[in-house]
Amino acid sequence: MAPIDRHAADRAADHTPRHAAEPHGAEPHTPEHRADRRTATLALAHALTAAERGLAVIPLSRTKLPALRSPHHDEARHHAVPGAHAVPGAHTAPGDHTAPGAPASPGHHASQGHRDTPRHRDAPQPPSPCRGECGRMGHGVYDASTDPHRIRELFAAAPWASGYGIACGLPPYHLIGIDLDTKSGVDAPAELRELALRHLFTIPETVVVATPSGGRHIWLAGPPDTVVPNSAGRLAPGIDIRGAGGYLVGPGSRTEHGVYSAVPGTAHLPPATCPPALLRLLTPSPRRRARPAHAGAPADPQQGQGLVQFVLAAHEGQRNTRLFWAACRAYENGFGEALTAPLTDAALRVGLTTREAASTIASAARLTGHA
């Protein structure tokens, strides 16, 4: 992400409609007004710089949410009134914005079948999702653009914007964001290092953005034929994933808690290719059908015993890795719950603590979709 040159803000201001930097209710020429205007101008300048790199952007408010309210907000309220009638052809977004963890992919609709169901024109209809097909602004990440003219329009419509979001999953980088949290006693960087050791991958040199709370956003490029879903804590405690339908707060954005900034030495780098082993973790295969178990015992006792022996054979430095692998295989084959106690006992016998064993097995359950 190239740093903004010192004249970028001035150039942005020269091309920004005056009302794009005038917050509602601000007294003209007050220090607060000038500060808000400069914040909005800088946000636009940063967004335009990101767009020059091929990154699609949207304006964000100080709460890190999309700055523009859904154009379907009033329609949604109308549909919520008992006895209200739908306006033929109207589409309503599922919310006022597309949140960072939104699971849908750009261009895809939820509940598509509702549009094809014959209805009496006067009958009440539930609102239909809209991802920007109506042509208006306010569809969150689905507004994201690399077109400078469009970006200026978006920021002109949101003069209170103080930052910008970068849409994930779109070409040319098909961006994947690894969000490492450090709040609530969670050490997400350590969790990522543990995953890297277990699955034999390293994070390449890439863009890293520091968050106001002390966390990190790692930018990686994904393959064009793979959809990485958004998730929160599924990969490991404190690690959130931003993929298709989500966005990352761009460096230079000002929020209620501080400013997002590129970690020194990474701003000039392009998003590095996501390691294949990590990509496999981010795109888990569909959960297998659980095999029937009898009286809480594994469906295949011999296989279960083999996994326990695999853990018992672990040497120092292998214990967590072997336990995690065995627990993943057990959950994938339908007897993870039944094998939890034997695996925990095996982990204790090779030197892990009860807490370490429980954490590792819980991580395997989350990764395989059983938690």
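**Helices H9 and H10**

At roughly what angle do the axes of helix H9 and helix H10 cross? In this predicted model, the axes of H9, residues 336-349, and H10, residues 354-367, cross at roughly 135° and come within 9 Å. Angles over 145 degrees would count as roughly antiparallel; H9 and H10 are therefore oblique to each other. The crossing in which H9 passes H10 is right-handed.

On the H9 side, the contact is formed by Thr340, Leu343, Thr344, Ala347 and Leu348, and on the H10 side by Thr354, Ala357 and Ile361. Sorted by class, this contact of H9 with H10 comprises 5 nonpolar and 3 polar residues, with no charged residues.

**Helices H8 and H10**

H10 also packs with helix H8, residues 319-332: the two axes come within 8 Å and cross at roughly 40°. Angles under 35 degrees would count as roughly parallel, and H8 and H10 are therefore oblique to each other. H8 and H10 make a right-handed crossing.

From H8, the residues in contact are Asn320, Leu323, Phe324, Ala327, Cys328 and Tyr331. Their counterparts in H10 are Glu356, Ala357, Thr360, Ile361, Ser363, Ala364, Ala365 and Leu367. By class, the contact of H8 with H10 has 10 nonpolar, 3 polar and 1 charged residues. Ala357 and Ile361 of H10 take part in the contact with H9 and also in the contact with H8.

**Helices H5 and H8**

Helix H5, residues 188-199, packs against H8 at an angle of about 80°, and the axes are 9 Å apart. H5 and H8 are therefore roughly perpendicular to each other. In this contact, Glu194, Arg198 and His199 of H5 meet Asn320, Thr321 and Phe324 of H8. The class count for H5 with H8 is 1 nonpolar, 3 polar and 2 charged residues.

Asn320 and Phe324 of H8 contact H5, and both residues also belong to the contact of H8 with H10.

**Aromatic rings and charge**

What sits over the ring of Phe324? The charged end of Arg198 does, 4.2 Å from the centre of that ring. Arg198 and Phe324 are also among the residues through which H5 and H8 meet. As for pairing between aromatic rings, the structure holds 0 aromatic pairs.

**Backbone features in loops**

Most residues other than glycine have a negative phi, and most peptide bonds are trans. Two places in the model are described here against that background.

Pro171 and Pro172 are joined by a cis peptide bond, with omega about 10°. Pro172 is located in the loop between strand E2, residues 163-167, and strand E3, residues 175-180.

Lys64 is not a glycine, yet its phi is positive, at about 75°. The loop holding Lys64 runs between strand E1, residues 57-60, and helix H3, residues 73-80.

Technical notes. Residues numbered from 1 in each chain as written. Predicted model: local features only at pLDDT ≥ 70, side-chain atom pairs only at ≥ 80, totals over all residues. Heavy atoms only, no water. Phe/Tyr/Trp six-rings, centres within 6.5 Å; stacked < 30°, edge-to-face > 60°. Lys NZ or Arg CZ within 6 Å of the ring centre and 35° of its normal. Axes fitted to C-alpha atoms, helices over the stretch in contact; angles between N-to-C directions. Helix = DSSP H or I, 4+ residues; strand = E, 2+ residues; numbered from the N terminus. Parallel < 35°, antiparallel > 145°, perpendicular 65-115°, else oblique. Left-handed = near helix turned anticlockwise from the far one by under 90°. Contact = heavy atoms within 4.5 Å. Nonpolar A, V, L, I, M, F, W, Y, C, P; charged D, E, K, R; others polar.
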